[in-house]
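Hi there,

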Amino acid sequence: MAHSSSILSVFCLFVSFVFCVAQEFQEASQPTFNISLEGGCLKCGSPCLSAVRGALPGCVAPGLAAGGALAGGDVDLNISEDVFQCVKGIVGAASVCRDCLDSLVCCVTDSCNFCACDCHNLLKFSAPLSSPTRDEHPWLFNPQCHFAYIGTPACKDCDGKRVYESINCDKSLFLHYHDYILDGRWVVTESIDSNDETAVVRNRGDGFDDEECPEKETFGWELRSKKAPGKGKLECA
């Protein structure tokens, strides 16, 4: 009986070893590129982000038949590892962008095959054509105006949440979270440390369970309008 128990223990140990090895190989075949928490998509500068965005369509094009149509610049496809190599070849492995290329591909694609993709890394605002805020803030709705994830810097009352910086906009702004004692909210401000008293845009959420990703907020976004009752009041877009 003791002999049988010993054989069973060895067998279980062998099965456990095989499972661990198989799991290790499975994990190795699906590398995950994490975007830097320090600098994020702009760690190597906005020219590098623009270079990768420019290179990506040509690298994705051969797989469009299987992956779907490419439209509007940013894509959300099941990116293969070949795309990473293609982008590196176009942008240049010896360029100043070299250290950021993998994470920059993730910034532009949000591919869940190789990237952490809980939140989008490039955001832009939209509003109905009839919205009066379009007339007051046309720069915000310019198709070229984006907000790029820059990590989780130690800004005032940001609560350790994600921060985004404007790129290709007429104004320099930050999209970040501001935590109050009783609640918090996402705001767009000129200073990374400012709250919604000076915000151009804000989303107050429900005040209790605010989303980790600003694009997942189900509450409406408010924009500052001089036409609204009370000069400079924030109103819904």
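There are eight disulfides in the structure, a disulfide being a pair of cysteine sulfur atoms within 2.5 Å. This is a predicted model, in which local features need pLDDT of at least 70 and side-chain atom pairs count only at pLDDT 80 or more, while totals for chains, interfaces and linings use all residues. Residues are numbered from 1 along each chain as its sequence is written, and side-chain values use heavy atoms, with hydrogens and water left out.

Let me begin with C59 and C86, whose sulfur atoms are 2.1 Å apart in a disulfide. The torsion about this S-S bond is -80 degrees, and the link of C59 and C86 is left-handed. C59 belongs to helix 2 and C86 to helix 4 (residues 81-91), so this pair ties together parts that are 27 residues apart in sequence. Helices here are DSSP runs of H or I with at least four residues, and strands are runs of E with at least two, numbered from the N terminus. C59 is buried at 8% relative accessibility, whereas C86 is partly exposed at 27%. For these words, buried means under 20% relative accessible area, exposed means over 50%, and partly exposed is in between, using a 1.4 Å probe and protein chains only.

The next disulfide joins C119 and C213, with the sulfur atoms 1.8 Å apart. Its S-S torsion is about -65 degrees, so the disulfide of C119 and C213 is left-handed. C119 sits in the loop between helix 5 (101-109) and strand 1 (122-123), and C213 in the loop between strand 6 and strand 7 (222-225), so the pair ties together parts that are 94 residues apart in sequence. Both ends are covered: C119 is buried at 8% relative accessibility, and C213 is buried at 3%.

C155 and C158 form another disulfide, S to S 1.8 Å. The torsion about the bond is about -120 degrees, so the C155 and C158 disulfide is left-handed. C155 is buried, with a relative accessible area of 10%, and C158 is buried too, at 2%.

Helix 2

Back to the helix that carries C59. Helix 2 covers residues 46-60, which is 15 residues, and spans 21 Å from its first C-alpha to its last, close to the 21 Å expected at 1.5 Å a residue. That expected span is 1.5 Å times one less than the number of residues. Which residues of helix 2 are buried? They are C48, L49, V52, A55, L56, C59 and V60. As a reminder when you look at that list, an α-helix has 3.6 residues a turn, so residues three or four places apart point the same way.

Strand 5 (184-189) is mostly covered, with six of its six residues buried. G184, W186 and V188 point one way from the strand, while R185, V187 and T189 point the other way, and all are buried.

Strand 5 runs antiparallel to strand 4 (residues 174-179), joined to it by six bridges. Two strands count as paired if DSSP finds at least two bridges between them. Y177 has W186 of strand 5 as its bridge partner, and a hairpin of four residues joins strand 4 to strand 5. Strand 5 also pairs with strand 6 in the antiparallel sense, over three bridges; there, the bridge partner of V187 is R202.

The loop with N195

N195 is in the loop between strand 5 and strand 6 (201-203). Its side chain reaches the backbone nitrogen of E197 at 2.9 Å. Leaving aside neighbours within four places in sequence, N195 is in contact with H178, Y180 and T189, where contact means heavy atoms within 4.5 Å.

Two positive phi values

Finally, two residues to look at in the backbone. D159, in the loop between strand 2 (146-149) and strand 3 (164-167), has phi near 60 degrees, a positive value in a residue other than glycine. N168, in the loop between strand 3 and strand 4, has phi near 55 degrees, also positive and also in a residue other than glycine. D159 is partly exposed at 48% relative accessibility, and N168 is partly exposed with a relative accessible area of 48%.

Best wishes

Key:
Polar contact = N/O pair within 3.5 Å; in protein donor to acceptor, adjacent residues only side chain to side chain.
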